[in-house]
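Please look at the sequence and the structure for a moment, and then I will go through a few places in turn.

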Amino acid sequence: MLKNWLSPKTHAQGCNGFWFCSCAGLPIVPGGGGGSTTATGRAPVIIRGKRARTVDAHAHCYFQAGLDLMGAEAKGVLPPVKGVPEHFLQMDQQLAARFDAMDTMGIDLQVLSINPFWYKKDRETAEAICRVHNESFAELCANHPKRLAAFASLPMQFPELAVQMLEEAVKKHGLKGAAIGGSVAGDDFANPIYHPVLAKAQELGVMLFIHPQSTPELAARLKGNGWLSNVIGNPLDTTIALQKLIFEGVFDKYPELKVLGAHGGGFLGSYAPRMDRSCFVSPQNCNPEIVLKKKPTEYIRQIYFDSLVFTGEALRHLAAEVGASQIMIGTDHPIPWVEDPVGHVMATPELSDEDRLAILGENAIRVLGLTV
C-alpha cells in the first residue's frame, strides 16, 4: 500500500495539521517516518496544502583532478566507508545515480561540499586543489541548477588567499559559501589570523559550513572497535570549533556571520547550558579581557545546525535548544548514515507544521539564497 503525507486544512486537527494517508485517503499512524518510497521516488510531503521543498545542506562529492594534485598522499584522502564510488559526480552514471538517490530520499536539491584534505599542503598546491573544486562545482551546478548547489573549498592555511578565493567563488562561480574543517590542522578558526575570512563571509552574507575531521590529538584513545575517531571524534571536533567561536567573542565581533555545524553541531546542542556556568565556577580559566555580550547559550540560536542526529527525540531536543529556524536537513550523502531524512523530520511529533516546512527546506532556501 502506497502512503503519502497529506495536510488538508479541513483535517488540521490531526497530528499538528498533517495526516499520513493511504491512497484511499484513510489516516495511517506514522511509524519509522512514514511516507512512501516507490520506483519513482519518495512521495512528496504536503503540509497544509503546500508541497514542502526539501534541501539537503550536507552532502559530499570528490573530483579526481583535485585528488590527483595530492600526489602520493591521495591514497589517504578517501574515507574508509560505504558510498565512496558515488562521490564522483563528473561521471554521468554516478550523477544519474545521485539524482535517483535524492529522489528516493525525497530531496529536491543537495548542497555539495568537500571535506578539506589540503590544509597541510603548500600554497600553490592548496590553491590549485581549491580552484579545481570550485570551478568543477560551478559547472555541475550550472548544468543542474534545480538539483545542485555547492560550498566552495578554501586554502584556509593561507587566509589572505582564502579571502580572495571565497569572493571569487561567490561572485564568479555562484557558490553558496564555503566548507571548512573544524580547525586548520589543529589551529582554531577563532584565532585572529583567520578573522579576515570570517569578515569576508559576513560581508558577502554567505555560509561557512564547519565539517569536522576528527580530533587527532585523541587518536590513541579513540583506537579500537567502533570507529570512535568518527563517532566521538567528529562531533567533538565540531563542538570545540563552535564553543571557541562563542567564548573567544567571534560572534560578538561578527554578529551577522552565518555558521552551519555538521552532525547537529556535535555535542553542543546536547550540553550547551554547562557553558553558562563555566566562568562563574572557574573565573581563573576565563579571560577577563573577553566580556561576552550575551550568555554563551544565547549564541547557539544564531548558529545553524543540520538534522543528522538520528532520532526524533534528538531532533526535538535540538529544535527546543536552538530553534527550528536554525536547523536544515543534513544527510552526509552518499555515506549512508541516514536513509529517510524527510521521514526523520516528519516523524518528530513535537514539531509544528511551520517547523517542518522550515527544516525540510525553507531555512536553507532563505539562508543560502537557493532557487528550488
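This is a predicted model: local features need pLDDT of at least 70, side-chain atom pairs count only at pLDDT 80 or more; totals for chains, interfaces and linings use all residues.

Let me begin at the surface, where Trp227, Val231, Ile232, Phe267, Phe310 and Trp337 form a nonpolar patch with about 540 Å² of accessible area together. A patch is made of residues with over 30% relative accessible area and no salt bridge, like charges being joined within 9 Å and nonpolar side chains (Val, Leu, Ile, Met, Phe, Trp, Tyr) within 5 Å. The accessible areas come from the Shrake-Rupley method with a 1.4 Å probe, and for residues only the protein chains shown count as cover.

Residues are numbered from 1 along each chain as its sequence is written, and side-chain values use heavy atoms, with hydrogens and water left out.

Now to helix α14, residues 312–322: which of its residues are buried? They are Leu315, Leu318, Ala319 and Val322, and, seen down the axis of α14, they fall within an arc of 100 degrees, so they line one face of the helix. The arc is that of the directions from the helix axis to the C-beta atoms. Among the elements that cover these buried residues are α10 (262–265), α11 (268–271), β14 (304–306), β15 (327–328) and α15 (341–346), where contact means heavy atoms within 4.5 Å. After α14 comes glycine 323, whose phi is positive, near 95 degrees.

Both β14 and β15 also belong to an open sheet of six strands, in the order β10-β11-β12-β13-β14-β15, with parallel pairing. Its edge strands are β10 (152–153) and β15, each of which pairs on one side only; two strands pair if DSSP finds at least two bridges between them. Within this sheet, four bridges join β11 (residues 177–180) to β12 (residues 207–210), and glycine 177 has methionine 207 as its bridge partner in β12.

Finally, the charged side chains, where a salt bridge is a side-chain nitrogen of Lys or Arg within 4 Å of a carboxyl oxygen of Asp or Glu, and where the count comes to 14 salt bridges. In one of them, arginine 42 meets aspartate 340 at 3.0 Å, N to O, which links strand β4 (residues 41–42) to the loop between β15 and α15, 298 residues apart. Arginine 42 is buried, with a relative accessible area of 8%, whereas aspartate 340, at 23%, is partly exposed.

Aspartate 353 forms a salt bridge with arginine 48, the closest N and O atoms being 2.6 Å apart, and another with arginine 356, at 4.0 Å. Because arginine 356 and aspartate 353 are three residues apart in helix α16, about one helical turn separates them, and both are buried.

Definitions and conventions:
Buried means under 20% relative accessible area, exposed over 50%, partly exposed in between (1.4 Å probe, protein chains only). Helices (H or I, at least four residues) and strands (E, at least two) are DSSP runs, numbered from the N terminus.
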